[in-house]
Amino acid sequence: MMQIVNATIHTPGRVIPRGSVVVEGSRIVAVGPAGEVPAAAGAATINAGGMTLVPGFIDLQINGAFGHDFTESPGSIWRVAEGLPRYGVTAFLPTIITSPLDRVKAGLQAITGGRPNDFRGATPLGIHAEGPFLNQKKKGAHNQQYLRPPAPGAVGDWSPDAGMRLVTMAPELPGALDVIGALASRGVVVSTGHSMATYDEAVAGFDAGARYGTHLFNAMPSLGHRDPGLPGALLSDDRMTVGFIADGVHTHRSIIALVWRMLGPKRMSLVTDAMAALGMPPGTHRLGDYDVIVDATSCRLADGTLAGSILELDQALRNLIEITGCTLGEALETMTTTPAKLLGLEGERGRIAPGYTADMVLLSSDLRVQTTIASGEIVYAA
């Protein structure tokens, strides 16, 4: 048993000054002001010293980190998971980009095989398959050799129970609407992305069951006032949650502020799209089949194409607050309750509340990660 005392608790919809939290096993059992939460006899106590306690962060798109690329080595998922809590990440979707389908299968097997002995880290919630059903005109850093049209047989066993949580695909491709419907009916979140879809083609994908958009503005046509295309459809349709990389590289800072005003915390999902170079020095790193040149701020193929990022999710939180002027509580929603709701994990993750998984992060006054707790265990301490 664990108790955290003397914390300013920020959980979406509620702020508790001088709050206390009691954890038993992997679950939160009590939350409230200090005087309302009885001391837990025999519990290990963490005195937060007035620091801010927030829910653990959820990243829906991360390709690797610490020198490991999930597409090249799906077995590295658990090793990366051990390091992600330094950024406040307590749950994530390891993302496998366009590749032979046996790579995706290997990723699913890594997830469903269960956590290794003595594992301590962030929880992989399932695979995000970014491809191979993408439009070759917007392939970005994906290998065209492995692109293929959507077909029910290719996704026949993809479901949350089999480890598949999210699939990015281009809704305008022949056969895409049937595959979107099939995946959505099984509880897999379908995302539109790497696409040349017109506005009408995008809306048809939403009508078929797609509910997410992958890295808004990137790997899709530009937003036009007469031809809004996929970006316009994503921004204007309240059914859609929109993934966004708030690093100031993938989109201009002014666009981050504009999109925030349009979407707000309920529809914006901050992601990193980080690749193997996250947590590593600049140099050449791998993303799928390609070498990526990484400097202090960006990751690019030799031709200049952006190829993932080195964005840390806690930095994305700070960026959003600094650029938009939003509150900490609003920014937190984009990486806690909003992704949890998208994945159907409401009541399970994304809040500091009784019955929820004990995923929490202690932040300093400048919103730097000091301590991360995942499933009731301290998995990172600065």
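User: How many bridges join strand S18 to S19, and how do they run?

Analyst: Keep in mind that this is a predicted model. Strand S18 (residues 290–294) is joined to S19 by 2 bridges, and the two run antiparallel.

User: Moving to helices, why are H6 and H7 called roughly perpendicular?

Analyst: The label covers angles from 65 to 115 degrees. The axes of H6 and helix H7 (residues 313–324) cross at roughly 85 degrees and come within 9 Å. That angle falls in the range, and H6 and H7 are therefore roughly perpendicular to each other.

User: Which residues make the contact between H6 and H7?

Analyst: From H6 there are Arg 253, Ile 256, Ala 257 and Trp 260, and from H7 there are Leu 320, Glu 322, Ile 323 and Thr 324. Sorted by class, this contact has 5 nonpolar, 1 polar and 2 charged residues.

User: What lines the largest pocket?

Analyst: The largest pocket holds about 310 Å³ of space. Its lining has 18 residues, and Lys 266, Thr 337, Thr 338, Lys 341 and Glu 346 lie nearest the centre. By class, the lining splits into 4 nonpolar, 4 polar and 10 charged residues.

User: Which helix gives the most to that lining of the largest pocket?

Analyst: That's H9, with 5 residues. Helix H6 (253–267) and helix H9 (337–342) each supply at least two residues of the lining.

User: And what about the second largest pocket: which residues are closest to its centre?

Analyst: The second largest pocket has a volume of about 250 Å³. Of its 19 lining residues, Gly 140, Ala 141, His 194, His 215 and Leu 306 are the closest to the centre.

User: Now the backbone. What makes Asn 6 stand out?

Analyst: Most residues other than glycine have a negative phi. Asn 6 isn't a glycine, yet its phi is positive, at about 60 degrees. You'll find Asn 6 in strand S1 (residues 2–11).

User: Where is the cis peptide bond, and what is its omega?

Analyst: The cis bond joins Gly 131 and Pro 132, with omega at about 10 degrees. Pro 132 sits in the loop between strand S11 (127–130) and strand S12 (164–169). For context, most peptide bonds are trans.

Notes
Residues are numbered from 1 along each chain as its sequence is written. This is a predicted model: local features need pLDDT of at least 70, side-chain atom pairs count only at pLDDT 80 or more; totals for chains, interfaces and linings use all residues. Side-chain values use heavy atoms; hydrogens and water are left out. On a 1 Å grid over the protein atoms alone, a cavity is a set of points where a 1.4 Å probe fits but cannot get out, and a pocket is an open set with protein on both sides within 12 Å along at least five of seven lines; lining residues have an atom within 4 Å of a point. Grid points are joined across faces, edges and corners, and a volume is the space filled by probe spheres set on the points. Helices (H or I, at least four residues) and strands (E, at least two) are DSSP runs, numbered from the N terminus. Ala, Val, Leu, Ile, Met, Phe, Trp, Tyr, Cys and Pro count as nonpolar, Asp, Glu, Lys and Arg as charged, and the others, Gly among them, as polar. Axes are lines fitted to C-alpha atoms, for helices over the stretch in contact, and angles run from 0 to 180 degrees between N-to-C directions. Angles under 35 degrees count as roughly parallel, over 145 as roughly antiparallel, 65 to 115 as roughly perpendicular and the rest as oblique. Contact means heavy atoms within 4.5 Å. Two strands pair if DSSP finds at least two bridges between them.
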